[in-house]
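Let's walk through this one with a few questions and answers. Have a look at the sequence and the model first.

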Amino acid sequence: SKAAASGTRSQGSAPQVLPQTTAAAMPLYRAPINGVIVENTFISISEMIDHAVPILRWFKFLNRNKWDTINRIKGLDYPMLFLSGLEDEIVPPTHMKMLYHSAEKSAYKKIELFPNATHNDTWYVGGNRYYDSIKEFLERCEEMHPSSKA
């Protein structure tokens, strides 16, 4: 059986995407991955510093945690679902749109925009459409990579 990977939201999605780019990371997962779900995630820590704490932009060179999500996503060929709250007060929604457009090698990609959703309530504000989007994505992943069933 195969699994879709999700890094939850924001900071959780960045490290979820990073291991997907290395074959060595695959043994960490019990089942092969056939899709990635990214929700309200930033394009990089550096860009988040500019947005969240602009006064620290002069000290970004000290940052050792790059989490360059946008460049990692460019190399992924997995199907990808992007879930974005358009009223996100923490991560600019433009980051999610940029991540979506950077998924150039993705076998299938879809972005769902939730107009009144903020950073932590996209699932709640999105309601049935949020969960239906995930269900449809997982079904699509299964169609693209059917698991062997006994």
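This is a predicted model: local features need pLDDT of at least 70, side-chain atom pairs count only at pLDDT 80 or more; totals for chains, interfaces and linings use all residues.

Q: Is Lys-110 buried, partly exposed or exposed?
A: The relative accessible area of Lys-110 is 27%. Buried would need a value under 20%, and exposed one over 50%. So Lys-110 counts as partly exposed.

Q: Which parts of the structure does the salt bridge between Lys-110 and Glu-136 tie together?
A: The closest N and O atoms of Lys-110 and Glu-136 are 3.9 Å apart, and the two form a salt bridge. Lys-110 sits in residues 109-114 and Glu-136 in residues 122-144, so the pair links parts that are 26 residues apart in sequence. Those parts are strand S4 and helix H5.

Q: How many residues apart in sequence are the parts that Arg-129 and Glu-112 tie together?
A: The side chains of Arg-129 and Glu-112 meet in a salt bridge, at 2.5 Å from N to O. Arg-129 belongs to helix H5 and Glu-112 to strand S4, so this pair ties together parts separated in sequence by 17 residues.

Q: Is Glu-112 buried or exposed?
A: Glu-112 has a relative accessibility of 10%. The cut-off for buried is under 20%, so Glu-112 counts as buried.

Q: Where does Phe-61 lie, and is Phe-61 buried or exposed?
A: Phe-61 lies in the loop between helix H2 (45-52) and helix H3 (69-74). Phe-61 is also part of a nonpolar surface patch with Val-53, Ile-55, Leu-56, Trp-58, Phe-59 and Leu-62, and together they have about 810 Å² of accessible area. At 61% relative accessibility, Phe-61 counts as exposed.

Q: Which residues touch the most other members of the largest nonpolar core?
A: This core has 14 residues. The elements giving two or more residues to this core are strand S2 (33-39), H3, strand S3 (80-85) and helix H4 (93-102). A second, separate core has 10 residues, including Leu-81 and Ile-134. In the largest core, the residues that touch the most other members are Val-38, Ile-73, Met-80, Phe-82 and Leu-99.

Q: What do the buried residues of H2 pack against?
A: Ile-45, Met-48 and Ile-49 are buried in H2. Down the axis of H2, the buried residues fall within an arc of 105°, so they line one face of the helix. What they pack against is H4.

Q: What covers the buried residues of H4?
A: In H4, the buried residues are Pro-93, His-95, Met-96, Leu-99, Tyr-100 and Ser-102. Their cover includes S2, H2, H3, S3 and S4.

Terms used: Residues are numbered from 1 along each chain as its sequence is written. Side-chain values use heavy atoms; hydrogens and water are left out. Patches are made of residues with over 30% relative accessible area and no salt bridge: like charges are joined within 9 Å, nonpolar side chains (Val, Leu, Ile, Met, Phe, Trp, Tyr) within 5 Å. Accessible areas come from the Shrake-Rupley method with a 1.4 Å probe; for residues, only the protein chains shown count as cover. A salt bridge is a side-chain nitrogen of Lys or Arg within 4 Å of a carboxyl oxygen of Asp or Glu. Helices (H or I, at least four residues) and strands (E, at least two) are DSSP runs, numbered from the N terminus. Buried means under 20% relative accessible area, exposed over 50%, partly exposed in between (1.4 Å probe, protein chains only). A nonpolar core is a set of buried Ala, Val, Leu, Ile, Met, Phe, Trp, Tyr and Cys residues joined through side-chain atoms within 4.5 Å. The arc is that of the directions from the helix axis to the C-beta atoms. Contact means heavy atoms within 4.5 Å.
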